[in-house]
Amino acid sequence: MPMQRKQRAKSAILPLVASCDQFGPFAMTADEQRETAELAFSIWLARAFRRGSPQEDWIQAVRQRAGRQ
């Protein structure tokens, strides 16, 4: 996969990681954020970069980490 595509995907996820701090006691630790970002990135790779959005990938990653899916 071209490096440029990976960089765009990571750039799309970073604002979501930063927004976690707004949730106060429900905020993720740095390790949880990293794990969720890595999982969201793998979800994006699995769907072959088509359809969806970084936000949907993030939400799906959070749900998977919580064991709800």
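**View 1. Confidence across the predicted model.** The protein averages a pLDDT of 75, and 59% of its residues score at least 70. This is a predicted model. Confidence is lowest in helix α1, residues 3-19, where the mean is 60. It is highest in helix α2, residues 30-46, at 91.

**View 2. The whole chain.** Three helices and zero strands make up the secondary structure. From the N terminus on, the order of elements is α-α-α. Of the 69 residues in the protein, 25% are buried. The accessible surface comes to about 5,000 Å². Carbon and sulfur atoms hold 53% of that surface. Now take contacts between residues at least 6 apart in sequence: 56% of them join residues at least 24 apart.

**View 3. Helix α2 and its buried face.** α2 has 17 residues. From first C-alpha to last, α2 reaches 24 Å, close to the 24 Å expected at 1.5 Å a residue. Which residues of α2 are buried? They are Gln33, Thr36, Ala37, Ala40, Phe41, Ile43 and Trp44. Seen down the axis of α2, these buried residues fall within an arc of 155°, so they line one face of the helix. The spacing has a simple background: an α-helix has 3.6 residues a turn, so residues three or four places apart point the same way. Just after α2 comes Ala48, with a positive phi of about 55°.

**View 4. Helix α3 and its buried side.** α3 has 12 residues. Its span from first C-alpha to last is 16 Å, close to the 16 Å expected at 1.5 Å a residue. The buried residues here are Asp57, Trp58 and Ala61. They cover an arc of only 100° around the axis, which puts them on the same side of α3. Gly67 follows α3, and its phi is positive, near 80°.

View 5. Asp57 is found in helix α3, residues 54-65. Is Asp57 buried or exposed? Its relative accessibility is 4%. The cut-off for buried is under 20%, so Asp57 counts as buried. What does the side chain of Asp57 make a polar contact with? The partner is the side chain of Arg47, at 2.5 Å. Now leave aside the neighbours of Asp57 within four places in sequence. Asp57 is then in contact with Ala40, Ile43, Trp44 and Arg47. Ala40, Ile43 and Trp44 are among the buried residues of α2.

How values were computed: Residues are numbered from 1 along each chain as its sequence is written. Side-chain values use heavy atoms; hydrogens and water are left out. Helices (H or I, at least four residues) and strands (E, at least two) are DSSP runs, numbered from the N terminus. Buried means under 20% relative accessible area, exposed over 50%, partly exposed in between (1.4 Å probe, protein chains only). A polar contact is a pair of N or O atoms within 3.5 Å; within protein, one must be able to donate a hydrogen and the other to accept it, and residues adjacent in sequence count only if both atoms are side-chain atoms. Contact means heavy atoms within 4.5 Å. Accessible areas come from the Shrake-Rupley method with a 1.4 Å probe; for residues, only the protein chains shown count as cover. The expected span of a helix is 1.5 Å times one less than its number of residues. The arc is that of the directions from the helix axis to the C-beta atoms. pLDDT is the predictor's confidence in each residue, from 0 to 100.
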